[in-house]
Amino acid sequence: PRTPPDESYSTLKKAVFPNGLTVIALKKKGYSTVTAALAFRTGWAASTPPAAEKLVRAIEQYRAIARSDAGLKVQAFNAADLSADYVVAGRSNLPHALALLADGLLQTDSTINWHDVTSALNSQPPSNSPLSPDDALNEDLMLALYPNSPVAHVPSQMNMRALRPADVQDWLQTSRHPSNAILVLAGDLDPATALKWSARIFGKWRGARDRAVAAPTLLTAAPALAAKKKVFSRSSTNDRPQVEITIACRLPNANKSGESTYDLLSGVVGGWLGTRLREEAGLSYGVSGGARIYRGGASHMSLHVAVDRTHLTKALRIITGHWNAFTYKGFDKGSVSQIRWNLTTSSNIGSTTSAGLAITVANAVARGDEPDYAERYRNDLMMVTDTDLREAFRTCAETTRYGLVGDAAAIDEALGATGLSGTVASASQ
């Protein structure tokens with residue numbers, strides 16, 4: 001099918017202030033709001049020690065509750081390699097939104113308010129709460145895909161409580177510097193006016209240290225995983241009738257057009273499996289998930305499906321059978337064309353929110369891409385070839401890991417029936 005009509009930015013302006021802050025203003029008609037997003041090239045996987053960023057974010061979010069004003073709310077976006085606060089406002093309220101973001105900056109030249117620390121920690125789950133079976137399985141899979149990498153461990157409250165004041169202060173002074181920040185303004189706004197307001201509010205911002213935060217320590221190539229460690233199993237204690245299946249794999253280190261390739265790949269693979277499991281076998285309601293690219297280029301794909309435990313064996317046979325077919329036969333051209341159309345349509349920036357656009361652009365710029373990423377994404381999708389998909393899936397097939405959460409007896413029976421029982425890396429627990 002033909003691609004949808006182009007929906008490009010009316011105006012895009014980028015500036016780097018003398019203090020090092022990168023500011024991007026995007027004008028796009030059709031939005032009823034504007035969004036101001038202040039993002040940091042940090043994330044919990046990049047901090048030293050690992051729990052420091054999560055504690056700083058807990059404090060910032062605790063303080064954000066008091067800062068929300070005049071119908072404007074400070075909202076948070078947290079990822080392994082990016083931390084951001086954003087405010088959605090009417091066009092005339094953009095200066096107020098910028099002021100709220102500026103007011104939320106923890107003062108890097110003063111000591112941490114440990115009353116805020118205590119309050120932030122008390123708002124978190126209890127420190128002795130064990131990981132749920134689903135969270136434990138996700139950690140198993142991430143450790144398999146990213147051995148010895150902080151991205152596989154989400155810091156707990158116990159980790160945060162173990163921090164010393166000097167640890168947090170040191171990280172705060174390192175990370176909360178304008179040279180580590182990206183300010184994105186998106187919506188039906190005047191970019192020149194938006195930049196002037198940004199300079200007035202953020203132009204005098206100074207950090208304690210002028211040094212950039214390195215990308216999280218991630219493997220830049222897929223690891224050579226032991227052949228037997230293919231399946232990770234966790235039993236559930238709530239006697240749920242379904243078994244949750246996760247299929248995860250590494251992808252080649254991504255370049256600037258990698259996201260379009262990997263989105264198309266995950267859409268084709270997930271869509272094909274979803275059709276077979278749902279429409280042909282009646283075993284599930286569909287497959288969810290997608291690809292993830294971290295700052296630095298390390299990438300993986302993760303797909304999720306829930307099936308009735310009585311049909312687990314049949315579902316695993318369908319999944320592993322098609323996985324092998326993808327490896328040797330490639331992908332159906334009709335499916336690729338349909339998924340390409342779906343992605344092109346859904347990525348049309350005229351149909352996204354100003355908040356979604358602002359975070360998308362901040363993420364892309366933090367990874368080293370250009371601010372016109374969201375606009376260029378559509379064109380990149382059209383350039384993805386069958387060879388690109390097959391090469392990406394080759395790495396995926398070599399590093400595929402399966403995760404199952406549910407009834408232990410049903411899982412053991414299905415693994416035995418499908419010949420996967422000898423590849424279990426962690427026993428059900």
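**Aromatic contacts and a β-hairpin**

Both Y146 and Y294 are buried (under 20% relative accessible area, with over 50% counted as exposed and values in between as partly exposed; 1.4 Å probe, protein chains only). The model is predicted, so to speak of local features requires pLDDT of at least 70 and side-chain atom pairs count only at pLDDT 80 or more, while totals for chains, interfaces and linings use all residues. Residues are numbered from 1 along each chain as its sequence is written, and side-chain values use heavy atoms, without hydrogens and water.

Rings of Phe, Tyr and Trp (its six-membered ring) pair if their centres lie within 6.5 Å, with planes under 30 degrees apart stacked, over 60 edge-to-face and the rest tilted; the count comes to nine aromatic pairs. For Y146 and Y294 the ring centres are 5.7 Å apart and the planes stand at 85 degrees, so this pair is edge-to-face. Y146 belongs to the loop between α4 (133-145) and α5 (157-161) and Y294 to the loop between β9 and β10, so the pair ties together parts 148 residues apart in sequence. Helices (H or I, at least four residues) and strands (E, at least two) are DSSP runs, numbered from the N terminus. Elsewhere, ring pairs link W323, F326, F331 and F393 into a cluster.

Now to the hairpin. Strands β9 (residues 288-293) and β10 (residues 299-308) run antiparallel and are joined by six bridges, where pairing asks for at least two DSSP bridges. G289 stands opposite L303 in β10. Five residues separate the two strands of this hairpin, and G296 in the turn has a positive phi of about 110 degrees.
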